[in-house]
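My entries follow in the order I made them.

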Amino acid sequence: MNTNRHGSHESRDPHNSHDSHDSHGSSAPQQITLRGPAELADALPFMLGFHPSDSVVLVALHGERGRFGGRVRVGIPGSPREWPATAEYLAACLVEGAGRRRGDRPDAIVVFLCQEPRPGETAQRVMERLRPFAQRLRTACGALDIPVPEALCISDGLYFSYCCPDARCCPPDGTPLALSGTSVMAASAAYAGIQVRGTLKDMEARLKPRTEDDAAQRAALNEAATVIVPRILDTPASGLGRRETRETTLGLARRLLARFAAAPGGPAPRPHAGGAALPPALKAPLTSPATGDERDDALLSPDEAATLILGLQDRDTRDQAAEWMEGPEAAPALRLWRAVSRRCVPPYQEYAAAPLTLAGWVAWSTGDEPSARVALGLALEADPEYLFARLLHQACNEGLDPEALRVCLRQERDTRLAAEEPGTPAPAESAPTEVRARQRARQTARRAARQAGLRTTQAARRRRAEPRPPRRPVVRRTRRTGRARSGA
């Protein structure tokens, strides 16, 4: 590869959280110089924290040496008709986000298209099929006066360059990726303690229902919806029905947090219903993420999961649940929200936005940005208009510090707990004070969000004014066939 043509890119530690120390005790950010497409392709999983299957990734470069900056990732749209709009959206998000965070625009952008071949398809055919999308991305970046020095397609263990015409270094039939763990980037990441968490598909599987044909969970959701949804629709937020539902949901969540916290690292927990024998998954040791998820699933009954799924559709309930974000509560909370997300079986997929957002928030709050991006991305797939997920996803992608939001949640929790202490006025007398305190806390949260660079449209602000009630799945019959069709 001609390094003069392709240049070199300086990478500080991919997650910006580790320092290397010299023998004299001084510290400096670890720097890695990448030269050419091969090393760029090898570095991508370490930048994201996972192997981005079926993804388009844009990475910002800053300065003369091409220092890595912000990055954005979305799934590759299935229809080529969506490629122009997606390209413009990604380029604008990366450029605007870098400007808000660093105060300067990227000097260049590197494009990655990652997709495995379809049945009967070759990696070279994948590259050719995605070539128009790569050109759209380069054009969208060029329209913002930002060049794309390299655009790579990664498929079936090969990489292809859309920018290098030299067949000696970038042959048209592709170049094999470096063996896992053998590159300079892999060695540096291992030294810094950075791990690649597997493929994007593996990470998403931990947040999706294991099977859509879960009759017991669907029946529990249908039964809970007949009781909980009408109560959530009780207005205003201080309505008796909504308050009862909030107390019931949060009380159950606290008990489940204690159950999840007691499960790992010790004897298997006792049966949680009727003295029944423990399921095999509950007795199994935690030897892998999949085994741990099975163990967590066994800790949660269908009725408990249904109560949480429906109860979290109330915004105030969800906001209080978001307070379990740090300290000893964070790890069991993350496992709980993952387990609840896995119970959102059809036709309740849209309801998964709340537990997925909570899982993403706890992951981000505890420093696991790759897992946070995956969970928040799935939340937006479940409900693209879910404002909390949109704000968190934007902030996480822009590399903002979650401490601003943690401060707001701590303040709101302290205000609420102070109002609940003995000796406070009766509820009827204290209601105006509680309302004012909640309004002040929300205003503080909005100010902190604006200071952190979060922006919302006027329509989104109007939607935030009142919680959107959950939509109960309904069953319709088509006129032509008479078959039942479910929709949420």
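**Cysteines**

For a disulfide, I need a pair of cysteine sulfur atoms within 2.5 Å. I count 0 disulfides in the structure.

I noted the ground rules next. This is a predicted model, in which local features need pLDDT of at least 70 and side-chain atom pairs count only at pLDDT 80 or more, while totals for chains, interfaces and linings use all residues. Residues are numbered from 1 along each chain as its sequence is written, and side-chain values use heavy atoms, with hydrogens and water left out.

Is cysteine 164 buried or exposed? Cysteine 164 counts as buried, at 8% relative accessibility. My cut-offs are under 20% relative accessible area for buried, over 50% for exposed, and partly exposed in between (1.4 Å probe, protein chains only). Cysteine 141 is buried too, with a relative accessible area of 1%.

**Whole chain**

The protein chain has 19 helices and 12 strands. Helices (H or I, at least four residues) and strands (E, at least two) are DSSP runs, numbered from the N terminus. Of the 488 residues in the chain, 48% are buried.

The chain exposes about 24,200 Å², and carbon and sulfur atoms supply 51% of it. I took accessible areas from the Shrake-Rupley method with a 1.4 Å probe; for residues, only the protein chains shown count as cover.

I looked at contacts (heavy atoms within 4.5 Å). Among those between residues at least 6 apart in sequence, 69% join residues at least 24 apart.

**The six-stranded sheet**

In what order do the strands of the open sheet of 6 run? I read β6-β5-β7-β8-β9-β10, with mixed pairing. Strands β6 (67–75) and β10 (175–176) stand at the edges with a single partner strand each, so one side of each has no neighbour in the sheet. I call two strands paired if DSSP finds at least two bridges between them.

β5 pairs with β6 in the antiparallel sense over 7 bridges. Valine 56 stands opposite valine 74 in β6. The two strands form a hairpin with 4 residues between them, and glycine 63 in the turn has a positive phi of about 80°.

β5 also pairs with β7 in the antiparallel sense, over 7 bridges. Alanine 60 has isoleucine 109 of β7 as its bridge partner. β7 (residues 108–114) runs parallel to β8 (residues 150–155), joined by 5 bridges. There I found cysteine 114 partnered with isoleucine 154 in β8.

**Nonpolar cores**

Which residues touch the most other members of the largest nonpolar core? Among its 83 residues, they are Phe112, Leu310 and Trp337. The largest share of this core, 9 residues, comes from α14. Another core, of 31 residues, lies apart from it and includes Ile76, Val95, Ala134 and Cys163. A nonpolar core here is a set of buried Ala, Val, Leu, Ile, Met, Phe, Trp, Tyr and Cys residues joined through side-chain atoms within 4.5 Å.

I listed the contacts of leucine 310, not counting residues up to four places away in sequence: Leu221, Ala224, Ala225, Ile228, Val229, Ile232 and Tyr351.

**Covered helices**

α13 (residues 330–341) is mostly covered, with 11 of its 12 residues buried. Trp337 is one of the buried ones. Those buried residues pack against α8 (240–262), α10 (289–298), α11 (302–311), α12 (315–321), α14 (353–365) and α15.

Last, I looked up valine 374 in α15 (residues 369–382). Valine 374 is buried, with a relative accessible area of 3%. Leaving out residues up to four places away in sequence, I found it touching Phe50, Leu200, Met203, Glu204 and Leu207.
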